[in-house]
Amino acid sequence: MHISQTISPPAPRTTTEPAWVRRTLIGAALAFLGFFLFVPLAAVFTYAFEKGVDVYLAAIREPVALAAVRLTLLTAAICVPLNLVFGVAAAWTIAKFEFPGKNLLTSLIDLPFAVSPVVSGLIFVLLFGLQGLFGHYLADHDIKIIFAVPGIALATLFVTFPFVARELIPLMQAQGTEEEEAAIVLGASGWQTFWRITLPNIKWGLLYGVILCNARAMGEFGAVSVVSGHVRGVTNTMPLHVEILYNEYNFTAAFAVASLLACLALVTLAAKSALEWRTRQELAAARRESGE
């Protein structure tokens with residue numbers, strides 16, 4: 001009796017380059033990351049702890065350093081939710097609707113990417129400074145924007161508002177409108193469609209945009225430097241405080257605060273990874289249940 005066997009063809013290779021080419025490219029990428037990312041981070045923490053843990057903790061516990069940390073977190077807490085709302089609304093409008101001026105709106109969203117942060121800060125000075133367009137009105141009503149927290153929040157908001165929108169616009173355009181239209185035909189309201197259809201489909205792009213926005217808000221220097229006035233303990237964010245300490249040749253304290261800023265960014269990325277892992281676990285569990 002003849003038994004025929006079907007031999008499945010080998011899986012196609014994803015690339016046709018020789019092995020040495022792939023290894024060279026991977027090595028070059030790792031070397032680039034190591035030189036421009038890991039080495040600077042290691043240098044920051046090395047100089048921060050150069051004189052011991054006690055000196056490091058003393059630099060962070062200084063009242064002006066704590067005030068800079070609080071102001072940085074406050075600025076991010078103001079800007080990120082506002083950018084979240086704006087980004088979702090702008091992306092939904094651009095991706096789901098056709099209207100006159102759509103291309104202009106998309107270009108305006110990209111404007112902060114093209115304008116220098118220093119110029120962005122100068123714009124708010126020209127608007128809200130004492131000699132600015134609204135300066136006399138604000139002075140007469142005792143409203144302070146420049147050299148105060150509102151000016152810092154406005155400048156940071158301006159330079160960070162494209163991040164969420166630019167992550168969501170191509171994602172929502174690629175998804176199309178079929179699922180939302182089907183939900184509406186079945187009787188779902190606008191909010192139900194958004195919460196049950198749109199939001200689950202964009203949640204990872206939304207999270208990534210929020211993380212980028214938060215990182216930029218905490219690390220923004222140029223625009224904030226123009227509008228802050230560099231008032232110690234009042235209008236200095238962490239990047240500005242690092243600059244002042246470095247210019248005063250207080251290198252240990254400068255690197256200590258810089259390491260704290262780096263830790264905030266790493267915590268943000270760790271939170272993103274943890275949420276992604278949890279979501280993958282939930283999807284795997286859902287697939288196992290459906291297979292059973």
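1. Start at L108, which sits in helix α4 (residues 102-109). Helices here are DSSP runs of H or I with at least four residues, and strands are runs of E with at least two, numbered from the N terminus. L108 is partly exposed, with a relative accessible area of 44%. Buried means under 20% relative accessible area, exposed means over 50%, and partly exposed lies in between (1.4 Å probe, protein chains only). A182 is 74 residues from L108 along the chain, and their C-alpha atoms are 32 Å apart.

2. A word on the basis. This is a predicted model, where local features need pLDDT of at least 70, side-chain atom pairs count only at pLDDT 80 or more, and totals for chains, interfaces and linings use all residues. Residues are numbered from 1 along each chain as its sequence is written, and side-chain values use heavy atoms, with hydrogens and water left out.

3. Now the aromatic rings. Rings of Phe, Tyr and Trp (its six-membered ring) pair if their centres lie within 6.5 Å; planes under 30 degrees apart are stacked, over 60 edge-to-face, and the rest tilted. By this rule there are 16 aromatic pairs. W92 and F194 make a stacked one, at 5.1 Å centre to centre with 25° between the planes. W92 is in helix α3 (residues 63-96) and F194 in helix α11 (residues 190-219), so this pair ties together parts 102 residues apart in sequence. W92 is partly exposed at 24% relative accessibility, whereas F194 is buried at 9%.

4. F124 and F158 pair edge-to-face, with 6.1 Å between centres and 80° between planes. This pair links distant parts of the chain: F124 is in helix α6 (residues 117-128) and F158 in helix α8 (residues 149-160), 34 residues apart. F124 is buried at 12%, and F158 is buried at 18%. One aromatic cluster holds F86, F124, F128, F134, F158 and F161.

5. Next, the salt bridges. A salt bridge needs a side-chain nitrogen of Lys or Arg within 4 Å of a carboxyl oxygen of Asp or Glu. The structure has five of them. In one, the closest N and O atoms of K96 and E180 are 3.2 Å apart. K96 lies in helix α3 and E180 in helix α10 (residues 178-185), so the pair ties together parts 84 residues apart in sequence. K96 is buried at 15%, and E180 is buried at 9%.

6. E98 and K102 also form a salt bridge, 3.1 Å from N to O. E98 is exposed at 71%, but K102 is buried at 14%. R232 and E248 meet in another, at 2.3 Å.

7. Last, the pockets. On a 1 Å grid over the protein atoms alone, a pocket is an open set of points where a 1.4 Å probe fits, with protein on both sides within 12 Å along at least five of seven lines; lining residues have an atom within 4 Å of a point. The largest pocket holds about 350 Å³, a volume being the space filled by probe spheres set on the points, which are joined across faces, edges and corners. Its lining has 14 residues, with A215, A262, A265, L266 and L269 nearest the centre. Helix α14 gives the largest share of this lining, seven residues.

8. Which residues lie closest to the centre of the second largest pocket? They are F128, L130, I143, K144 and I146, out of 13 lining residues. This pocket holds about 210 Å³. Helix α7 supplies the largest share of its lining, three residues.
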